[in-house]
Amino acid sequence: MRVLLTGANGYIGRFVADRLLADPAVQLTALGRGDDADVRFDLATGSPGALTRFLDAVHPGVVINCAGATRGGARELARHNTVAVATVCEALRRSGCGARLVQIGCGSEYGPSQPGSSTAEDAVPRPGGPYGVSKLAATELVLGSGLDAVVLRVFSPAGPGTPAGSPLGRLAEAMRRAMQSGDGELKLGGLGVQRDFVDVRDVARAVHAASLSAAQGVINIGSGRAVRLRDAAAVLARVAGYGGALHELDAPPGPLRGAIGHPRVESDHVSPMAYPYPDGCGSWQQADVRTARDRLGWRPRINLEESLADIWMEAACRI
């Protein structure tokens, strides 16, 4: 099976590439903007016609799109998350390769949900920020393309390689700094948020399964369990051997809230965010993952403690 993978150098894409390379039946070609890509091509600026010519030459059976941006202004997010997907869809429609498309979506497309609920694929998406809007627009382009396509809505990926700017990445960095400075007290903001964390290696397994399946439409990829960041912080402290006290800073009134921040400083202030919750998902998010089980035969295997241990191992190397 010939597979074309975009975004192979990204957080999820790296693990998808590793998973596919371990399958002897897969012939993998990586397309991206970096010099280490097999083929250099920028989906956000390249033309559908140029991509079509490449598809006709390589003739992949599956195209997996892990490319995109998670940070930046609305214009940049739209360019990398929406325009890029429009280019992929148009090129596939023009091409004679007949490839299946596996698009990586995200839980932010749903927006806020009712505490205690599990979000299923038939929920009406109401993204609460520009990132979720740009990803939802991409999903709608894929679903309306007429292609053989599936969108995997990945909730909150965790594990090795977790970006430093993510909630768990900031948490690990704050703890590393506290341990490095010998600070016996760590004050953090935003620990009341609850998210559905799924290990990035389990996400890669889901992408592999989706590429081999006939499933179409939207499929949630998550653990099926919301975890409070306060509880994740306690697990991380245990894994790291941090014996200091963890204190949660009260969120200030109004539309701005503090981020998971830094070790205690003189002012005890935390930096405000542009949105009450940067991912636009409110205080609670939990995936209903029954569709992934039924249509992909997929279940998460790696628990959050193992994911956090891997995050801490990388953070500890910076001490």
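Helix H6, residues 200-212, lies across strands E7 and E9, and its angle to E9 is about 65 degrees. Helices (H or I, at least four residues) and strands (E, at least two) are DSSP runs, numbered from the N terminus. Axes are lines fitted to C-alpha atoms, for helices over the stretch in contact, with angles from 0 to 180 degrees between N-to-C directions. Contact means heavy atoms within 4.5 Å.

A word on the source. This is a predicted model, where local features need pLDDT of at least 70, side-chain atom pairs count only at pLDDT 80 or more, and totals for chains, interfaces and linings use all residues. Residues are numbered from 1 along each chain as its sequence is written, and side-chain values use heavy atoms, with hydrogens and water left out.

Now the sheet. Three strands form an open sheet in the order E7-E9-E11, with mixed pairing; two strands pair if DSSP finds at least two bridges between them. E7 (156-158) and E11 (226-228) are the edge strands, each with a single partner, so one side of each has no neighbour in the sheet. E9, residues 194-199, runs antiparallel to E11 and is joined to E11 by three bridges. Gln-194 stands opposite Arg-228 in E11.

Last, a helix pair. The axes of H5 (residues 167-181) and H7 (residues 229-240) come within 11 Å and cross at roughly 45 degrees. From H5, the contact residues include Leu-171 and Met-175; from H7, they include Ala-233 and Leu-236.
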